[in-house]
Amino acid sequence: MKRNASRGLAYEEDLLFELSRPGRRGADTPAYDIPRVDVEDLLGGLLRDDVAALPEVSEVDVVRHFTRMSTWNAAVDLGLYPLGSCTMKYNPKVNERVARLPGFSHAHPMAPAVDNQGLLGLCFELEQWLAEISGMDRVTLQPAAGAQGELAGIMMIRAYHEQRGDTRRQKVLVPDSAHGTNPASAALNGYDIVAVPSGEDGILHPEAVAERMTDEIAALMITNPNTLGLFESHIAELCDVVHAGGGLVYGDGANLNALLGVSRPGDMGIDVMHYNLHKTFSTPHGGGGPGAGPVGIKASLAPYLPTPVVEQGPDGFFWNHDLPDSIGRLHGNHGNVGMLVRAYTYILALGAEGLRRSTDLAVLNANYLLACLREHYHVPIDRPVMHECIVSDRGLAETGITTMDVAKRLIDHGYHPPTIYFPLIVAGAMMIEPTESESLEGLDRFVEALVEIADEARTDPETVRTAPHHTRHRRLDETRAARKPILRWQPPTEPA
Ligand SMILES: *Cc1c(COP(=O)(O)O)cnc(C)c1O
């Protein structure tokens, strides 16, 4: 018997996966009463001769198996998940309750609109709320992630220029602090990328854009606040420069958590933007569920919206497929509808004042962390931040301890590491986003862990360099884990 030090759970190594015993079962299925000939008729030669080799396990074994494995993962329900830019905020349980209401969870995507008025009404209203929050004119809920939202947005920008016969514009401006999906989305749409350097102060300056703004530029893609957690304070002028040159401005809305109820991208001059419902609007992330990346646009781009769009007529809500200049359909049916219900619930539960307060707290928490960490970690750009802050490993140089080591050691303290080595323009970056979900005591515990690691780097660097020590797997080969991932359990091989 081994003991899992980090969680105090006892388990027997050899019982972890091979739980199957012949004849053991946790559920009864009804007796089989379809005549075999009928089934053979239906399936032709596809009928199997043997019983499927499924594990034979009791209910309690199944429950313990999955519950145990769930504790081997990092999860926002287990602790702070400060993954900068990704906004891993708490997923309120009321969202789940509402998404499971039969009227939503049983709604069939192909049901006629007349039978789906509640769900269509929810989509219609959510579009209006997102438009109101961001200062845009219309919204599509179809894209399944921020990245797909970017793809959709850039497709609409391309359609806009082409419709005007402005076909010389084959380039997109992207700041050097941008998330990798920005240049990828532009390139997928056939555009060449022109990088724009940020200033010494970490933000974009109008001259840097003006210098590169020609009649070959289709758009500028910009994230505000940017991935350094800094507000792009020249945003209005940046948009003016691009518009004066005939281009459009794409706003990456992944950091909208810093703006709710305070300012609106639409008012800053953004023409098209995406929202990450799984970041700003509290729907589950990653392994927790599919994402949703709605896109908001100014009226000038409305003809190009993906179809179908939900509209309201004299007979109620309906899906309008008749948009001749549309960029087409982006998702089967109507997007990840369960996520739309959760985001709707979140907005409804918080209301305008609650959204504003969530942003105030997110910004306060990030600045608090930065203030507490300043003495212990190098701060590359020391300015007040928005909802996330950046420190680096530069102050640890003489210990040989790197950002990667600090991140791995944090796992031993029970924390998911922050985003590391991003943005690319900061060497050894640790990009920390606490979100508004954390209590003051929770933030203090996290600071304590980071301070302890910085001290340990000086007194016992070997322990930091070889972390993590309390996980089921020790430090992985990052390259092989990315290039040749082993995604399912495999029986241990016998030692030769
Ligand atoms: C997360 C993120 C994206 C991509 O969004 P996904 O929903 O993960 O596809 C784009 N830009 C920024 C700045 C992000 O943080």
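Reader: What makes Phe-124 count as buried?

Author: In this predicted model, Phe-124 has a relative accessible area of 17%. Buried means under 20%, so Phe-124 is buried.

Reader: What makes Phe-317 buried or exposed?

Author: Phe-317 has a relative accessible area of 17%. The cut-off for buried is under 20%, so Phe-317 is buried.

Reader: Why is the aromatic pair of Phe-124 and Phe-317 called tilted?

Author: The planes of Phe-124 and Phe-317 stand at 45 degrees, and the centres are 5.2 Å apart. Rings pair if their centres lie within 6.5 Å, and planes under 30 degrees apart count as stacked, over 60 as edge-to-face and the rest as tilted. The pair is therefore tilted.

Reader: Which parts of the chain does this pair link?

Author: Phe-124 belongs to helix H5 (residues 117–134) and Phe-317 to strand E11 (residues 316–320), 193 residues apart.

Reader: How do you know what kind of pair Trp-129 and Tyr-344 form?

Author: Their ring centres are 4.5 Å apart and their planes are at 15 degrees. Planes under 30 degrees apart count as stacked, so this pair is stacked. The pair joins helix H5, which holds Trp-129, to helix H11, which holds Tyr-344, 215 residues apart. Tyr-344 has 14% relative accessibility and counts as buried.

Reader: What makes Arg-472 a charge over the ring of Trp-72?

Author: Arg-472 lies over the face of Trp-72, at 4.1 Å from the ring centre. The distance limit is within 6 Å, so 4.1 Å meets it. Arg-158 lies over the face of Tyr-191, at 4.3 Å from the ring centre.

Reader: Why are strand E12 and strand E13 called edge strands?

Author: The open sheet has three strands in the order E12-E14-E13, with antiparallel pairing. E12 (389–392) and E13 (419–420) each pair on one side only.

Reader: How do you know that E13 and E14 pair?

Author: Strands pair if there are at least two bridges between them. E13 and E14 (residues 429–432) have two bridges, so they pair, in the antiparallel sense. Thr-419 stands opposite Met-431 in E14. Helix H11 (residues 337–373) packs on the sheet, touching E12 and E14.

Reader: What makes helix H12 mostly covered?

Author: Eight of the 10 residues of H12 (residues 403–412) are buried. Among them are Val-406, Ala-407 and Leu-410. The buried residues of H12 pack against E13, E14, helix H13 (440–459), helix H14 (461–465) and helix H15 (478–483).

Notes:
Residues are numbered from 1 along each chain as its sequence is written. This is a predicted model: local features need pLDDT of at least 70, side-chain atom pairs count only at pLDDT 80 or more; totals for chains, interfaces and linings use all residues. Side-chain values use heavy atoms; hydrogens and water are left out. Helices (H or I, at least four residues) and strands (E, at least two) are DSSP runs, numbered from the N terminus. Contact means heavy atoms within 4.5 Å. Axes are lines fitted to C-alpha atoms, for helices over the stretch in contact, and angles run from 0 to 180 degrees between N-to-C directions. Buried means under 20% relative accessible area, exposed over 50%, partly exposed in between (1.4 Å probe, protein chains only). Rings of Phe, Tyr and Trp (its six-membered ring) pair if their centres lie within 6.5 Å; planes under 30 degrees apart count as stacked, over 60 as edge-to-face and the rest as tilted. A charge sits over a ring if NZ of Lys or CZ of Arg is within 6 Å of the ring centre and within 35 degrees of the ring normal.
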